[in-house]
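Dear colleague,

I am passing on to you the structure we spoke about, with the sequence beside it.

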Amino acid sequence: MCLSYSSLCLNDTSPLLSLLPQVRRKLVLLLTMLCLWLYMFYSCSDSCASVRGLVLPGTVPRLPAESQASITSVLAPDAISSKILFGLPQASSTVAKVERQEETGRVLADSSNPTSSFFSGSADKKLPQAIIIGVKKGGTRALLEFLRVHPDVRAVGAEPHFFDRSYHKGLTWYRDLMPRSLDGQITMEKTPSYFITKEAPARISAMSKDTKLIVVVRDPVTRAISDYTQTFSKCPDIPTFESLTFKNRTTGLIDTSWNAIQIGIYAKHLENWLLYFPINQILFVSGERLIGDPAGELGRVQDFLGLKRVITKKNFYFNKTKGFPCLKKSEGSSKSHCLGKNKGRTHPNINQEVVQRLREFYRPFNMKFYQMTGHDFGWD
Ligand SMILES: Nc1ncnc2c1ncn2[C@@H]1O[C@H](COP(=O)(O)OS(=O)(=O)O)[C@@H](OP(=O)(O)O)[C@H]1O
């Protein structure tokens, strides 16, 4: 536009032409310069107007369209553009967050959102607030695996054996074994041998007297046979169940020093725990019902842990081949799954007289246990 204007100027036949050549040359030069200056000014102002977010280094970076929209919803459009263009203090924390998102090139965590704060690193390892303390072969693995379906449960997979075997390693070592969890999530572990460990109640209470305890109990006779089956699978040379049961087979005296028998005297072990924990801080889960009605038992456990009842019937199906309830596919797992081969082993046939003798042996202890817990487990 300016160039054609200048050529127009040059071809002009106005009184200018009649001026002296020297003055004429100066005027032409001045007009040309004016045209050039006007051209540059308009070009520049046009491009500046099209880059609304252009800012100087060290002030606020230009924002992507999406981010601008979110800021605009917090601040009035005029206010935001002036703040960005003139580098005024940023009033909204949203702005700062969007800035950081720009800097890092990724979406930063919103601390109000537990999942995103996990990714920002605010999740940390915590000592367990709930422990499945027993009993061995009661169904502890099934319970833990079912509980892990809950989004608010974070559990360590392996058995830490801290309060029985590794207490000397200290609480920091123990905490380090735990998975990271967010506020509101419950950290858990299971070590079934705690239930029969003399020192465990005092040690857990010293860690936190508010620790919630869960005991999965099972008919002590079946439990003993299950325990034996496990040992037998590893050491097939051991004596028969029948011979290990008795101190003296002729007199029918039961060998209570055999661990497989000892563990099932639940009332005796429970007494030890009640010295440190009130009974309402211990939940007794029926190992039998955990198989027959897993959703029902999980309902009780979720209530006890103060969790929303997320795990329901819809999470389970009965696997005929396995002979046990298994977990259905869920959001977190791509396929349905049953527990491993070492859970739900076939038990050997045990002499029925021996089984009967064991039932007699356990009866008074079972009665005591029902009385202590206020719950009849129906083993007799
Ligand atoms: N859903 C499901 N699937 C498989 N097994 C189940 C299930 N629910 C409970 N059970 C019973 O759990 C018994 C093993 O108990 P634990 O997991 O406590 O054993 S261990 O102490 O950790 O070794 C195991 O004992 P055995 O049948 O003697 O192998 C099972 O009877």
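Below are notes on the pocket and on some of the charged pairs.

Please keep in mind that this is a predicted model. The largest pocket holds about 890 Å³ of space, and of the 44 residues that line this pocket, Lys137, Gly138, Ser226, Gln230 and Lys343 are the closest to its centre. Two or more lining residues come from each of α7 (140-147), α10 (220-234), α12 (259-262), α14 (287-292) and β11 (324-327), with α10 giving the largest share, 7 residues.

Turning to the charged pairs, the count of salt bridges comes to 13. One of them lies in helix α7, where Glu145 and Arg141 are 4 residues apart, about one turn of the helix; their closest N and O atoms are 3.1 Å apart, and both residues are buried.

In helix α10, Asp227 and Arg223 are also 4 residues apart and so separated by about one helical turn, and their side chains meet in a salt bridge at 2.9 Å, N to O. Salt bridges with shared partners join Lys136, Arg223 and Asp227 into one network. Asp227 and Arg223 are both buried.

A further salt bridge joins the side chains of Lys126 and Asp124, at 3.2 Å from N to O. Lys126 has a relative accessibility of 18% and therefore counts as buried, since buried means under 20%, whereas Asp124, at 36%, counts as partly exposed.

With best wishes

Terms used:
Residues numbered from 1 in each chain as written. Predicted model: local features only at pLDDT ≥ 70, side-chain atom pairs only at ≥ 80, totals over all residues. Heavy atoms only, no water. 1 Å grid on protein atoms, 1.4 Å probe; cavity = no way out; pocket = protein on both sides within 12 Å on 5 of 7 lines; lining within 4 Å. Points joined across faces, edges and corners; volume = space filled by probe spheres on them. Salt bridge = Lys/Arg side-chain N within 4 Å of Asp/Glu carboxyl O. Buried < 20%, exposed > 50% of the residue type's maximum accessible area, 1.4 Å probe, protein only.
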